[in-house]
Amino acid sequence: MQGGPAGPGGQRAPFKPKNLKVLPENTDLRAVMHGYEAALGVECEFCHVAPDPATHRSDKASDANPMKDQARAMIQMTDDINRKYLTLLSKNTPTYDVKDAAVTCGTCHRGQKHPAAFVPPPRPEGERTPGAPGNPTTAPASGAPPTGVAPATRQ
Ligand code: HEC
Ligand code: HEC
């Protein structure tokens with residue numbers, strides 16, 4: 001179903017972006033923009049101006065929402081990480097291919113606008129030093145040999 005009036009050829013004019021400052025002209029904007037939504041867990045209006053209540057249309061070329069420029073900085077940063085830095089890895093590891101392991105918005109954002117700080121999980125009980133306070137494995141099961149390893153037996 002056509003959304004707008006058909007032109008003379010029965011086709012709508014192809015969409016031409018008016019205000020791209022960092023993405024290449026030939027970007028598949030539909031795919032890329034839906035990717036941003038998913039990576040950050042947001043809607044278009046997080047970065048773009050809100051739609052006009054009467055027409056339900058929003059001017060995606062407008063830069064009135066300051067979040068759009070924040071996103072531009074992030075697009076450039078992500079591109080730099082891949083082009084300038086991850087490509088350095090292939091100098092030392094020829095099998096490394098940045099195309100297989102490129103950093104994306106989702107690498108950091110993981111569905112959140114503000115990526116959560118990483119807190120390492122507690123180490124499994126068994127990795128605690130034997131005899132350390134609070135280590136429930138300190139007490140050997142009845143009949144079992146002591147769990148502590150004598151320093152002399154270490155390599
Ligand atoms: C995380 C922020 C973000 C989200 C979410 C987002 N966009 Fe964008 N969008 C941008 C940025 C930044 C640009 C400009 C890129 C540039 O300057 O090269 C842009 C540009 C565009 C353009 C080109 C406008 C023009 O004429 O220059 C369209 C169309 C567009 N977005 C549509 C959408 C739609 C539709 C959605 C929701 C499905 C969406 N965007 C979600 C950040 C976002
Ligand atoms: C290397 C990790 C990393 C990557 C890759 C990354 N971001 Fe971010 N981004 C962050 C961090 C960290 C913040 C700051 C979060 C905060 O303010 O709490 C942030 C903030 C933002 C903000 C501003 C949010 C706000 O409320 O001010 C936007 C928009 C954004 N990122 C979009 C993107 C987009 C789009 C991409 C992919 C093109 C991207 N980010 C890639 C780490 C990243």
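I took helices (H or I, at least four residues) and strands (E, at least two) as DSSP runs, numbered from the N terminus. I counted a residue as near a molecule if its C-beta atom, placed from the backbone, lies within 6 Å of it.

Numbering and source: residues run from 1 along each chain as its sequence is written, and chains are lettered from A and ligands numbered from 1 in the order in which they are written. This is a predicted model, in which local features need pLDDT of at least 70, side-chain atom pairs count only at pLDDT 80 or more, and totals for chains, interfaces and linings use all residues.

Fold. I find three helices and zero strands in the protein chain. The order along the sequence is α-α-α.

Ligand 1. I looked up the shell and got 23 residues, with L23, M33, C44, C47 and A61 coming nearest. Both α1 (29-40) and α2 (67-92) supply at least two residues of this shell. Which helix gives the largest share around ligand 1? It is α1, with six residues. I then sorted the shell by class: Ala, Val, Leu, Ile, Met, Phe, Trp, Tyr, Cys and Pro count as nonpolar, Asp, Glu, Lys and Arg as charged, and the others, Gly among them, as polar. The shell around ligand 1 has 14 nonpolar, three polar and six charged residues.

Ligand 2. Here the shell has 16 residues, and A71, M74, C105, C108 and H114 come nearest. Two or more residues each come from α1, α2 and α3 (105-109). The largest share around ligand 2 is from α2, six residues. By class I note 10 nonpolar, five polar and one charged.

Length of α1. I checked its span, where the expected value is 1.5 Å times one less than the number of residues. For the 12 residues of α1 that should be 16 Å, and the end C-alpha atoms are 16 Å apart, which agrees. After α1 comes G41, with a positive phi near 65 degrees.

Burial. I call a residue buried if 20 or more other C-beta atoms, placed from the backbone, lie within 10 Å of its own, exposed if 12 or fewer, and partly exposed in between. Buried residues make up 2% of the 155 in the protein chain.

Positive phi outside glycine. H56 has phi near 60 degrees and sits in the loop between α1 and α2. Is H56 buried or exposed? It is exposed, because it has 7 C-beta neighbours inside 10 Å. R110 has phi near 50 degrees and lies in the segment after α3. R110 is exposed too, with 12 other C-beta atoms within 10 Å.
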